[in-house]
Amino acid sequence: ERLYLDRGLRGQKTVGLLLHLLSASVLYLLARRLARGAGVEGSIPALAVAGLWLTLPLLLSTTLYVVQRMTLLAALFSLLSLLFYATGRDAQLQRRPALAWFVLCGLAFALSALSKENGLLTLPLLTVLELYIYRFRSSANGLSRSLAVFHCAAFLLPLLAFLLLILLRPEFLFYGYAVRDFSLAERLLSQALILFDYLRQVVWVDVARLGVYHDDIAPVRSAASLPVVLALLAWAGLALFALVSAVTGKLRMAGFAVAFFLVAHAMESTVFPLELYFEHRNYLPTAGLLLGGVFALYRAVGRLPALESWLHLLLAVLLLRNLVLLGSQAMLWSDSRLLHLQAVVQHPDSRRAALELGRVFAQDGNLEGALALLQQTQSLTRSPEVERQLLESVYYCMANRPLPAGSFQIAGVSREQLASVTLNNTVQHLTRLVLADKCAAGDGLRIADALQGWVLGGGEPIGTPRLYGSLLLVENKLERYEQALQYAKLLTRREPDNAMGLQFTLYLATRLQRADDAEQAMAALIRLRDAGRLTRQEAANLALFIDAPADGAAAKPQ
């Protein structure tokens, strides 16, 4: 986009909207393709599926929040894979060549998985399609044993591989919970309620709770509450219903809706230590949910033709409702200040919403308003004083106001505090401001000295590789090359193949005439280059040092 369009944020959101329109078009084609196998006639049901999904307010944040581009791409390729598979199966049943369609299906599956990890779920979703629509039929109206074997393998082998991985390396799953305030069991209990909340937002939209900030949702700590027990029983019942529907063929479009929704949520809404609630997780699941749900309604009224017009009216009303609510939300997204202000009003317990509005205030020069919001988040979360101090510095730099005299008067910062993901994110943000000369004169030096005291003040370094990388950039900016080299060596000690750390070690050691350090960094970089593990820019930087003149002059890494 930057190479060929260069339209900034507006261009990025426009591309996101175009991808959403394209995915809705593919969903329409898929619905048309599946209609006959589902026992539904005409194009209106397919239009209803695509229209309702296209205008669903729950999906607006996925479409316009630029960081969710990978979700948009993964869903688009997943829908294409389903469409190509359905086209191939129809051709196969009509005794026409189908291999090309299955090749395209595999290619789209690969692109979906490369767009985002949960694109891997396309494979079990193909099995859902086969179970409920095609039911392993062959061209001779019998059962295709090869298809049954393929789908059993495609569904069971990845599941067995995952279970084996957890048995052999349990840290793969459980390590991530060390930075969460909930356990695996608490996450599963929470998801039982959250999945029903997602469903409620599809059927009965509550725009007051929509948006990107949902960190105000508290995890469920115990199963001994009536809502949790009912939710668990309901999901167990729905899963059993979907299984019976697949086996017997009864109410199969309703079973398809339940199975597709659950399978499409299997990665982001189950055991992995992700945050509890995000709207973008529903982008693909709601496509299958609406596909099965709308088709189930049309099949139900098929026996009573007089009700079909009423069903058309109901779907038209739902579509109109979506459009009206979507329009109100789109107005908010057109103004970042209004969007963040509304988020704080709708989610008063959200730390992220308050901090983002604080940044908006600081950018507008309203430092007092930003600091007041920061005080509000402190009372909500009781986060460590070190984090408050860093966030306060971010706001002062964004407002281009000098830090107060008492800043960074904190002693005894612990290793655990410096390992916090939140703290490392804030330090990285502060680093960018220092590098861009956004802070008042002399404050970059004060910030660097304070962070150095926290990281190295106790004798033994207690930072993270990410923290060392941030401090390395700041010290290099301040032309304190000895300190910068120290951070570069700490970074490569923790991560020996870190290309940025090695390149800065080479650059700074060359500048300070530390031949041994420079030679070691050069050898490590050449090894990485020969293994194909350097980017084109990193390889070009290395070439500058290899081809440097005898006087030792070399360019700074880009």
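**Note on the cavities, helices and cores of the model**

1. Helix 4 (residues 69-93) supplies four residues to the lining of the largest cavity, the largest share from any source. Helices (H or I, at least four residues) and strands (E, at least two) are DSSP runs numbered from the N terminus. The structure is a predicted model, in which local features need pLDDT of at least 70 and side-chain atom pairs count only at pLDDT 80 or more, while totals for chains, interfaces and linings use all residues. Residues are numbered from 1 along each chain as its sequence is written, and side-chain values use heavy atoms, with hydrogens and water left out.

2. The secondary structure of the chain consists of 25 helices and zero strands. Its C-alpha trace spans about 85 × 55 × 50 Å along the principal axes. Of the 558 residues in the chain, 47% are buried (under 20% relative accessible area, 1.4 Å probe, protein chains only). Among contacts (heavy atoms within 4.5 Å) with a separation of 6 or more, 70% join residues 24 or more positions apart.

3. Four cavities of 30 Å³ or more are found in the whole structure. The largest has a volume of about 140 Å³, and the closest to its centre among its 16 lining residues are Ala74, Ala75, Asn118, Leu284 and Pro285. A cavity is a set of points on a 1 Å grid over the protein atoms alone where a 1.4 Å probe fits but cannot get out, and lining residues have an atom within 4 Å of a point. Volume is the space filled by probe spheres set on the points. The lining of the largest cavity divides into seven nonpolar, seven polar and two charged residues; Asp, Glu, Lys and Arg count as charged, and Gly as polar.

4. The second largest cavity holds about 120 Å³ of space. Its lining includes Leu210, Tyr213, Trp333 and His347. Helix 13 (308-333) and helix 14 (336-346) each contribute at least two lining residues, and helix 14 gives the most, with four. This lining comprises seven nonpolar, five polar and no charged residues.

5. Helix 4 has 25 residues and reaches 36 Å from its first C-alpha to its last, close to the expected 36 Å (1.5 Å times one less than the number of residues). Helix 4 is largely enclosed by the rest of the structure, because 20 of its 25 residues are buried. Just after helix 4, Arg95 adopts a positive phi of about 60°.

6. Helix 11 (residues 252-264) has 13 residues and spans 18 Å, close to the 18 Å expected. Eleven of its 13 residues are buried, among them Arg252, Phe256, Phe260 and Phe261. The elements covering the buried residues of helix 11 include helix 4, helix 6 (122-134), helix 9 (184-203), helix 10 (226-248) and helix 12 (285-301).

7. Thr122 belongs to helix 6 and is buried, with a relative accessible area of 1%. Leaving aside residues up to four places away in sequence, Thr122 touches Ser78, Ser81, Phe109 and Ser112.

8. The largest nonpolar core contains 77 residues, of which Leu34, Leu129 and Phe295 touch the most other members. Such a core is a set of buried Ala, Val, Leu, Ile, Met, Phe, Trp, Tyr and Cys residues joined through side-chain atoms within 4.5 Å. Not counting residues up to four places away in sequence, Leu129 touches Leu34, Leu82, Tyr85, Ala86, Tyr134 and Phe256.

Technical notes: On a 1 Å grid over the protein atoms alone, a cavity is a set of points where a 1.4 Å probe fits but cannot get out, and a pocket is an open set with protein on both sides within 12 Å along at least five of seven lines; lining residues have an atom within 4 Å of a point. Buried means under 20% relative accessible area, exposed over 50%, partly exposed in between (1.4 Å probe, protein chains only).
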